[in-house]
Amino acid sequence: MVNDFVIQKPSNVYLQNLIDYYYFIDASVEELNLKSENMIPLPRITFRYFFDHPFSVTNYTLNETAKADIVISKISTNKISIRPLTKRVKILGAHIKPYALAFFTHENVSKLPWIIKTPDLFEQRAKSFKEKVDKCSAPKEMFGEVESAFLDTILSKDLSTIIKAVELIEKNNGNIEISEVSRNLEISNRTLRNHFYRNIGCSPKEYIHLLKLKQTVHQMKNYNDSLTSISYSQNYSDQAHFTNSIKNITGLTPKEIREKIPDFRFLQF
């Protein structure tokens, strides 16, 4: 149990390359002191099943609100908040590598909606998954059903280019020029950008911004480094650039995020 969550890595060796981990939470809204919460966008896809305790999800960038019960959320720089619609939080989820959604659909990921209703993507298989999970009595059993569902729906594709691009960017902690990534892969900047939009849903530049945001929040949460020190460690040219970059994605300044760190949870959309 970590921060009220049960967490487990994938058992299947192949899925270990696509999924960071599965998680499960079951607690009252009162226990979590959860009303409405702004999300910190992360460079990861998320899958969530809310059982009989759906959430309201609002995308302020698009001015849209949706009811979430079994959904997949794309990588996005949109400003989003969530709110429980019942008195309980019960979620079975998975945090998935940025390119993994492309293994589950032939669609251009950038053309998919900002929040994907799983039945729309997987049809009858989503209904079957729900029925099986509802019969499980322990998180370990539920994780097994998630893993089986992923293995049953995964497509055979060659995504080696986008996988190498993401690995190169993350290996350099986002401190790499787009042109250098292209040169390493022996493709043009335009081709690289097309790979990102089709298989991840955002541009390479947006992905780097999200990666840097993730690293920034990690530093804020786990270390007492000054914001100036963090901005330099993330290779921002100056404090103003650091502040503007973070605020453009989250709507909050780095100082405001640091103050709210205890309020942010793992229910990332």
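This is a predicted model, where local features need pLDDT of at least 70, side-chain atom pairs count only at pLDDT 80 or more, and totals for chains, interfaces and linings use all residues. Residues are numbered from 1 along each chain as its sequence is written, and side-chain values use heavy atoms, with hydrogens and water left out.

Q: Why is C202 called buried?
A: Buried means under 20% relative accessible area, exposed over 50%, and partly exposed in between (1.4 Å probe, protein chains only). C202 has 3% relative accessibility, so C202 counts as buried.

Q: What makes C136 count as buried?
A: C136 has 13% relative accessibility, so the label buried applies. Across the chain, 51% of the 269 residues count as buried.

Q: How many disulfides does the structure hold?
A: A disulfide is a pair of cysteine sulfur atoms within 2.5 Å. The structure holds zero disulfides.

Q: What does the radius of gyration of the chain agree with?
A: The radius is taken over C-alpha atoms, and the globule rule is 2.2 Å times the number of residues to the power 0.38. For 269 residues, a compact globule would have a value near 18 Å; the chain has 19 Å, so the two agree. The C-alpha atoms fill a box of roughly 55 × 45 × 35 Å along the principal axes.

Q: What makes a run a helix or a strand?
A: Both are DSSP runs, numbered from the N terminus: helices are H or I with at least four residues, strands are E with at least two. The chain comes to eleven helices and ten strands.
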